[in-house]
Amino acid sequence: MGNLKNVALPMLLALSLLHLPFAESLWFINYHIHIVNDLPLGNSPPNQPNLFMHCKSKNKDLGDRPMVKGQDYTWDTKLNFFRTTLFFCNARWVGRKSRRFDAFDGSRDERRCLEYHNSCMWSVRADGFYLSINNATWFKIYPW
C-alpha cells in the first residue's frame, strides 16, 4: 500500500499541473521561427541568392534554402515533453563567411519568444545574427 502512495501521489500531482492554464498553454504553443536575410547585396544582383541557410533538428531536416535579400526562412515547432527541442542552422554568406547557430532552443526560447505572437525573429546581417522578441528591438546574439 505504501508503494502505491509513492507512485500514485506524484503522478496525480504531475497530471494536475498539466491542467493549470499556464502549463497547458506552454505545452501546446506553436512557436514561429523567422530568419530574414538582411545582408548587404554587395556586387550580387538583387534576384540572386547571397545567403544559403540549412536548418534542422534531431528529427526534422528543413532543407537547404537559397535566400535573396529580404527573404524570410520560416517554420513552426512545438516543445517536446522535456523542453529540449532544438533547431540549429548552418548559414553560408556566399563568398564570405559561414556559421552554425541555434535558431530555436526550447530551454532558452520558450519564454522569451512568447512576447511577440510566439515568434523568434532572426536577422542575418553583415556583422552577425540578431534576435528580436518584439520585432522592434534587435540584439546581436552570434557573430559570424
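Predicted model: local features only at pLDDT ≥ 70, side-chain atom pairs only at ≥ 80, totals over all residues.
**View 1. An open sheet of five strands has the order 4-1-7-8-9.** Helices (H or I, at least four residues) and strands (E, at least two) are DSSP runs, numbered from the N terminus. Two strands count as paired if DSSP finds at least two bridges between them. In general, strands of a sheet pair through backbone hydrogen bonds, either parallel or antiparallel. The pairing in this sheet is mixed. Strand 4 and strand 9 are the edge strands, each pairing on one side only. On average, neighbouring strands are turned by 25° against each other, direction ignored; axes here are lines fitted to C-alpha atoms, for helices over the stretch in contact, and angles run from 0 to 180 degrees between N-to-C directions. Look for strand 1 beside strand 7: they pair in the parallel sense over six bridges.

**View 2. The largest nonpolar core holds 27 residues.** Such a core is a set of buried Ala, Val, Leu, Ile, Met, Phe, Trp, Tyr and Cys residues joined through side-chain atoms within 4.5 Å. Buried means under 20% relative accessible area, exposed over 50%, and partly exposed in between (1.4 Å probe, protein chains only). I35, M53, W75, F101 and W122 have the most contacts inside this core. Among the elements that give two or more residues to the core are strand 1 (31-37), strand 2 (51-56) and strand 6 (97-105). Strand 5 supplies the largest share, four residues. Now find F101: setting aside neighbours within four places in sequence, F101 is in contact (heavy atoms within 4.5 Å) with I35, M53, F87, F88, C89, A91, W122, F129 and Y142.

**View 3. Ring pairs link W93, F101, W122, F129, Y142 and W144 into a cluster.** A pair of aromatic rings is described by the distance of the centres and the angle of the planes. Rings of Phe, Tyr and Trp (its six-membered ring) pair if their centres lie within 6.5 Å; planes under 30 degrees apart count as stacked, over 60 as edge-to-face and the rest as tilted. The whole structure has ten aromatic pairs. In one of them, the ring centres of W93 and W144 are 5.6 Å apart and the planes stand at 35°, so this pair is tilted. W93 lies in strand 5 and W144 in the segment after strand 9, so the pair ties together parts that are 51 residues apart in sequence. W93 is buried, with a relative accessible area of 6%, and W144 is buried at 17%. F129 and W144 also form a tilted pair, with 4.8 Å centre to centre and 50° between the planes.

**View 4. G128 lies in strand 8.** G128 is buried, with a relative accessible area of 0%. Not counting residues up to four places away in sequence, G128 touches S123, K140, Y142, P143 and W144. The C-alpha atoms of G128 and K140 are separated by 6.6 Å, although these residues are twelve apart along the chain.

**View 5. Five salt bridges are found in the whole structure.** Side chains of opposite charge can pair when their charged atoms come close. Here a salt bridge is a side-chain nitrogen of Lys or Arg within 4 Å of a carboxyl oxygen of Asp or Glu. R83 and E110 meet in one of them (2.8 Å, N to O). R83 lies in the loop between strand 4 and strand 5 and E110 in the loop between helix 3 (106-109) and strand 7, so this pair ties together parts that are 27 residues apart in sequence. Both R83 and E110 are buried. Another salt bridge joins K140 and D127 (3.9 Å, N to O). K140 is partly exposed, with a relative accessible area of 42%, and D127 is partly exposed at 37%. Elsewhere, R108, D109 and R112 are linked in a network of salt bridges.

Definitions and conventions: Residues numbered from 1 in each chain as written. Heavy atoms only, no water.
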